[in-house]
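Morning, everyone. Let's take a quick walk through one model. Please have the structure open.

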Amino acid sequence: MQIGIALPQYGTHAQAGRIAAFARDAEAAGFDSLWVSDRSLTPVKPSDVYPVTGFTPENPYPREYTTFLDPLTVLAAAATATTRARLGTSTLNATWYPPLLLARTLTSLDQLSGGRLDVGLGLGWLRDEATAVNTDFTKRGVHLDEILDILHGIWTENPFEHEGPNWRIPRAHVDLRPVQRPHPPVLLGGFSPAAMRRIGRRADGWAGITMPPDQRAALWDVARRAAEDAGRDPSALRREIRYFPEPGSTPESIAKALTVIADTGADGCFFDFQRLVKDPQEALDLGTRALRRYRAG
């Protein structure tokens, strides 16, 4: 299983001047991938509670989420500081962005990194964020399907045009091409049956999070069946898991958790320590010790 780490992006880790050094040191330490996620605002009175166990209307989201750096800017900094590690989004909230401009940025990142980009896309969980960027939260699944159509078309056709319910793109030359062909791998987030069926039909894999193994297996079966029904090879689908270690975690306990995740068949897992420790260097030190312990068996 490939092991990655979240880049410094949230809370006290959101220090733009340390991104490049963190990425360079993480790659040198042996991490296989570097990851970012996506926030647009943190309301004082949010419409929804963060959908992870332990959060309530009185404590609606991690306090670290009140400070955040732009994910694609962070990836660009990491791309110029590294040469080997994959660079991923888990996940980028696709419906916040005009798909034409999203395609331009993602293609530019794939070129900047020399073909190391993994595009993880999600739908978001906070209605207030959708309102703030003027998109309809209730139609986000339909919008994502059209965005996927546009991204695939821009990456594989030239000239390209699109006529859909939400976007119209006139026939145009698209000479900016991704390094990875036919396009960067597209991973989709989500935990509903509909989201897993979309992964099976349309994506290269799942951008998931840690959850009970039986729950994760049941969801994965939905994606695999959808892939088979669509005439695709279910064994080609990837699973990239985001892992938040619990308070008090040690390198040994983290390594054991990684073994459990690997035993479920995951292709990759990345640590996110931004809610566990206060400083990026502390996160990198803990992650490196856990990585070494896991690989030592």
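Keep in mind that this is a predicted model. Start with two helices, α6, residues 193–202, and α7, residues 213–229. They pack at an angle of about 40°, and their axes are 7 Å apart. That angle makes α6 oblique to α7. The crossing of these two helices is right-handed.

Which residues of α6 meet α7? On the α6 side, they are Pro193, Met196, Arg197, Ile199, Gly200 and Arg201. On the α7 side, look for Leu219, Trp220, Val222, Ala223, Ala226 and Ala227. By type, the residues of this contact divide into nine nonpolar, one polar and two charged.

Now the core. The largest nonpolar core has 66 residues. Which of them touch the most other members? Those are Ile5, Leu7, Leu34, Leu121 and Phe271. Helix α5, residues 140–156, gives the most to this core, with seven residues.

Last stop, Thr107. You'll find Thr107 in helix α3, residues 99–112. Is Thr107 buried or exposed? Thr107 has a relative accessible area of 1%, under the 20% cut-off, so Thr107 counts as buried. Beyond its neighbours within four places in sequence, Thr107 is in contact with Trp155, Leu176, Arg177 and Pro178.

How values were computed. Residues numbered from 1 in each chain as written. Predicted model: local features only at pLDDT ≥ 70, side-chain atom pairs only at ≥ 80, totals over all residues. Heavy atoms only, no water. Axes fitted to C-alpha atoms, helices over the stretch in contact; angles between N-to-C directions. Helix = DSSP H or I, 4+ residues; strand = E, 2+ residues; numbered from the N terminus. Parallel < 35°, antiparallel > 145°, perpendicular 65-115°, else oblique. Left-handed = near helix turned anticlockwise from the far one by under 90°. Contact = heavy atoms within 4.5 Å. Nonpolar A, V, L, I, M, F, W, Y, C, P; charged D, E, K, R; others polar. Core = buried A, V, L, I, M, F, W, Y, C linked by side-chain atoms within 4.5 Å. Buried < 20%, exposed > 50% of the residue type's maximum accessible area, 1.4 Å probe, protein only.
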